[in-house]
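Reader: I'd like to learn how to read helix packing and a ligand site. Where do we start?

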Amino acid sequence: MRIVNPADGSEVAEVDADSSDTIVEKYAAARQAQPAWASRPVSERVDVLRRFRAMVVYRAEDLAPLLTCETGKPVAQARSELDAVVERIDFFLDSVESVTADDVVLDDPSGGLREVIVHEPLGVVANISAWNYPYFVGTNVFVPALLCGNAVMYKPSELASLTGQAIAEMLWNVGVPEDLFALVIGAGQAGAALVDQPVDGLFFTGSYTTGLRIAEALAPRLTPVGLELGGKDPVYVTDDVDVAAAAESLADGAFYNAGQSCCSVERIYVHESVHDQFVDAFVTTVKGFVVGDPTEDATYVGPVARQPQLAVLEAQVDDAVAKGATVLTGGHRGQAGLAGHGGHGESAARGYWFEPTVVVDVTHEMALMRDESFGPIIGIQRVNDDAEALALMNDTDYGLTAGVFCRDEGRARALLAQVDSGTAYWNCCDRVSPRLPWSGRNHSGIGSTLSTTGIEVFCRPKAFHLRSPS
Ligand code: NAD
């Protein structure tokens, strides 16, 4: 399988993809390795994963450019992901023992009866991952899964295969048995072959389309499934905000990682009384972003990771313009590195570049406001009041995150309580915390990772009724 650098289209490496046969073999080996791992005290598994954490810290300076060369993520943002993933790993290391300890829910010495909940691992779990934050979305699954005593079959996205290999090598080097953490390399076909294995749980991060296919395949087997899917995350800017601060924060939320975060701000609604002022400040911020070579420390927006996404972005702009929208900046494929910020045309042939794009005068008739963009593009819509904003925020198939920018927490909480999303933000956006459950509703997925819920999900409860002999 060819690994291509999205910044210039060059080949970075070739890797061997797994076949259905090697996946079957790896499954059998993982199944055999799991009981011994599960029988080790949880404190030993914590020690092993603590060494993995240390290895990530130690190797961060090599791992960041590796991630950049295969996904196009600006290297400063790759470093930030590696820094922040440590906090997630720490949360799991610190929490797993208490979350998985036996719960004595009844202890009645007079009747000689105890009731105890024991948390057993699921067994062999599959982790099919996305490329946009491979450290985040990977560790959300394989770290707690391993800590709870499971074997893991980990398939990184084909667009983050080198990072996936590095993750597996680090785990093996710190003492996770190779059979227990099986690395599966490949694209959709390898993913489908993995889904065919009789795993005890499948945890997927990716698009709604693939997630649905996986859920359908697993349904007859009643295999537990966790799906973290796409979003069309809305934010409402009310009439009483600090406009400049809101614009700056939301431009970052929309364009960080070239808009390729599951919780990127995907659509903005602005109260008509501050709309024009907000749009001016927003466009000024976007025009100030450093677009270019993702290996440069100063770069803020790099290429997109996938070539086919360029056509999606182009089609969203064309559809919006045809229906009356106005493009205030950007709007084209463009290769910033060669042609300068804003360049497009022939030079766009090398690498997967799209100009940071701001579109106004938009409506929900336009694909830009309905379909996930997953790129450096945003639509801003004028609204008259809170009720209109709320109706528009809920006018979506997705339900990952939603935000409100305003001074009054009560007003924000009242609005956010009525939005059908797994996460709600007041005066912030594009933020994930290891202490809070990460869950999508509707087409954004089922189940949740992170928080103590995201540990429990890798166990199944066994109910013990224990009566002492009289
Ligand atoms: P994708 O669905 O194309 O691929 C995801 C993974 O599924 C890859 O590893 C891929 O190889 C595999 N795959 C593809 N076809 C398969 C099949 N038939 N059976 C099994 N596996 C298969 O998604 P993507 O482009 O990698 O990721 C982008 C999407 O992920 C966006 O929609 C984004 O919003 C979403 N995402 C969501 C979250 C979240 O937490 N909710 C986080 C990151 C990304």
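Author: With handedness: a crossing is right-handed if the near helix is turned clockwise from the far one by less than a right angle, and left-handed if anticlockwise. Here, α2 passes α5 in a right-handed crossing. Helices are DSSP runs of H or I, at least four residues, numbered from the N terminus. Mind that this is a predicted model, where local features need pLDDT of at least 70, side-chain atom pairs need 80 or more, and totals for chains, interfaces and linings use all residues. Residues are numbered from 1 along each chain as its sequence is written, and side-chain values use heavy atoms, leaving out hydrogens and water.

Reader: At what angle do the axes of α2 and α5 cross?

Author: Two packed helices are described by the angle and the distance between their axes. The axes (lines fitted to C-alpha atoms over the stretch in contact, angles 0 to 180 degrees between N-to-C directions) of α2 (residues 42–71) and α5 (residues 161–173) come within 10 Å and cross at roughly 160°. So α2 and α5 are roughly antiparallel, a term for angles over 145 degrees.

Reader: Which residues of α2 meet α5?

Author: Contact means heavy atoms within 4.5 Å. Among those in α2 are L49, F52 and R59, and the α5 side includes L162, A166 and N173.

Reader: And how does α2 lie against α3?

Author: The axes of α2 and α3 (residues 75–100) come within 8 Å and cross at roughly 175°, so α2 is roughly antiparallel to α3 as well.

Reader: Which residues are closest to the ligand?

Author: E158, S207, T210, L229 and E372, out of 31 surrounding residues (a heavy atom within 4 Å).

Conventions
Helices (H or I, at least four residues) and strands (E, at least two) are DSSP runs, numbered from the N terminus. Angles under 35 degrees count as roughly parallel, over 145 as roughly antiparallel, 65 to 115 as roughly perpendicular and the rest as oblique.
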